[in-house]
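Here are my notes on this model, point by point. Please keep the structure open while you read.

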Amino acid sequence: IDAAGRRVFDLRVRTGRREFVPGRPSATWGIDGDYLGPTLRARRGERVLVNVTNQVGETTTLHWHGMHLPPEMDGGPYQPIRPGATWSPTWTIDQPAASLWYHPHPHGRTARHLYRGLAGMFLVDDAPVPGLPHRYGVDDVPLIVQDRRLVDGRLDPDEPMSGTTGFLGDQLLVNGVLGPYLEVTTTRVRLRLLNGSNARVFNFTFADGRAFAQIASDGGLLRAPHTTRQVQLAPGERAEIVVTVAPGERAVLRSVAPATGAGFVQRDGGSDRFDVLELRAAARLAPSPGLPARLADVPAIPARTAVRTRTFELAEHQINGRKMDPGRIDAHVLRDTTEIWDVRSGDGTLHSFHVHDVQFQVLSVDDRRPPPHLAGWKDTVLLPPGTRMRLIMRFDDYADPHRPYMFHCHMLYHEDQGMMGQFVVL
Ligand code: C2O
Ligand code: CU
Ligand code: CU
């Protein structure tokens with residue numbers, strides 16, 4: 001905390017060396033470390049200051065994915081950090097508790113920079129909810145899940161292309177670790193899942209088919225725990241789950257082939273089934289409280305409050321037939337208004353639609369009410385081929401006619417190819 005009362009984080013983006021396989025060092029990038037970065041954490045209402053120093057010898061940026069903040073603090077393509085420079089965004093945390101994350105966003109090079117290892121979690125805290133596991137690293141554990149390709153035990157530095165959605169790896173890293181396990185000492189454990197992959201959709205489930213509770217989506221807690229056996233996440237999406245274990249047991253969190261609709265198969269010849277994490281329960285477990293029946297207020301944004309509807313079709317590396325153009329603003333939205341964004345995948349492949357600055361709500365999926373796991377705050381949604389979603393969002397503040405926010409596909413190959421647009425709040 002500095003003299004002005006701000007919570008200060010100093011981050012160094014640097015090159016690293018990491019042995020994913022012992023004796024086989026890979027050249028990586030990391031934030032304050034060799035691969036990935038520290039979990040940042042701040043409370044709602046707090047003012048934060050992040051000093052990001054670039055030591056990788058190449059211009060990059062650091063974007064706060066899911067964060068509501070002024071456009072000049074966003075860390076998108078307009079906030080480049082040149083080699084040797086320090087960028088110091090500051091803003092007030094003004095949103096409900098959530099598992100957000102940060103990653104680079106240099107135009108045309110996001111896939112490469114993220115692939116090398118630049119990403120981390122940013123947890124927003126709010127008033128504690130009694131009954132929810134909350135001891136970081138004990139019964140509350142973030143999991144950054146990424147597919148990668150290791151050649152001879154080393155990270156393939158080229159981020160090879162495969163398939164129409166971009167890079168698909170054949171091995172999983174969880175928090176930068178191959179084949180991880182977690183020692184569990186309590187009867188319930190909360191896992192904050194982030195799909196930090198470039199293109200792969202994960203469909204998380206337990207090997208024994210056990211049910212668990214999904215408690216949060218991208219932008220915060222759901223209204224109530226949602227009991228389920230699977231949770232599917234596109235690149236950029238998050239979900240928090242709470243799973244119950246028995247003393248001494250081993251439970252394997254796994255990802256299976258995604259249900260992507262329209263017969264679309266996302267694979268590159270390899271398997272699309274991965275063991276993600278083994279939970280190893282201790283012989284004696286400390287009892288966790290039961291989950292509360294209610295988690296949070298998520299006031300529905302009424303569709304009738306929207307002042308306009310915009311349509312976005314994602315197809316062929318473009319949005320509405322246009323590639324990202326820094327010289328063009330695609331949408332001028334008015335401050336203090338609500339809009340409906342009607343988005344669809346128009347080209348028979350998968351997309352992952354993401355909007356900066358706001359958390360939205362899903363009004364409908366193909367004209368049907370959204371399923372329970374899409375009923376909370378979202379900033380990224382999987383768009384299977386042919387699917388249409390109506391998203392409703394409010395633009396509350398941070399009007400600035402000269403500084404755009406981005407919206408784009410979070411399949412990073414698509415994004416880098418130009419499947420991105422810009423909006424300003426007036
Ligand atoms: Cu996760 Cu525009 O980014
Ligand atoms: Cu973002
Ligand atoms: Cu896409």
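Predicted model: local features only at pLDDT ≥ 70, side-chain atom pairs only at ≥ 80, totals over all residues.

1. Which residues have the most contacts inside the largest nonpolar core? They are Val145, Leu193 and Leu391. That core holds 105 residues. Strand β31, residues 388-395, supplies the largest share of the core, with five residues.

2. Now the whole chain. The protein chain has two helices and 33 strands. Its C-alpha trace spans about 60 × 55 × 50 Å along the principal axes. The radius of gyration is 20 Å. For 426 residues, a compact globule would come out near 22 Å, so the value agrees with a compact globule. Buried residues make up 47% of the 426.

3. Take the contacts in the protein chain with a separation of 6 or more: 77% of them join residues 24 or more positions apart.

4. On annotation: an unreviewed UniProt entry lists "domain: Plastocyanin-like" for residues 16-127 and 306-426. In the model, residues 16-127 are 6% helix and 42% strand. Residues 306-426 are 5% helix and 47% strand. The end C-alpha atoms lie 37 Å apart for residues 16-127, and 16 Å apart for residues 306-426.

5. One sheet deserves a look. It is open, has five strands and runs in the order β26-β33-β32-β28-β30, with mixed pairing. Its edge strands are β26 (331-333) and β30 (380-383), each of which pairs on one side only. From one strand to the next, the twist averages 25°.

6. Within that sheet, check β32 against β33. Strand β32 (residues 405-409) and strand β33 (residues 420-425) run antiparallel and are joined by four bridges. Which residue of β33 is the bridge partner of Tyr405? It is Phe423.

7. Val343 sits in strand β27, residues 337-345. Is Val343 buried or exposed? It has 22 other C-beta atoms within 10 Å, and 20 or more count as buried, so Val343 is buried. Leaving aside neighbours within four places in sequence, Val343 is in contact with Phe312, Leu314, Phe353, Leu383, Met389 and Leu391. Leu391 is one of the residues with the most contacts inside the largest nonpolar core.

8. Two aspartates need a backbone check. Asp32 has phi near 65°, a positive value in a residue other than glycine. It lies in the loop between β2 (24-31) and β3 (40-43). Asp32 is partly exposed, because 15 other C-beta atoms lie within 10 Å, which falls between the limits of 12 for exposed and 20 for buried.

9. Asp357 is the other aspartate. Its phi is near 75°, again positive in a residue other than glycine. Asp357 is placed in the loop between β28 (351-355) and β29 (361-365). Here 24 other C-beta atoms lie within 10 Å, so Asp357 is buried. In short, Asp357 is buried, whereas Asp32 is partly exposed.

Technical notes. Residues numbered from 1 in each chain as written. Chains lettered and ligands numbered in written order. UniProt positions renumbered as here; feature names shortened; annotations may be inferred. Pairing = 2+ DSSP bridges. Axes fitted to C-alpha atoms, helices over the stretch in contact; angles between N-to-C directions. Core = buried A, V, L, I, M, F, W, Y, C linked by C-beta atoms within 7 Å. Rg over C-alpha atoms; globule rule 2.2 N^0.38 Å. Contact = placed C-beta atoms within 7 Å.
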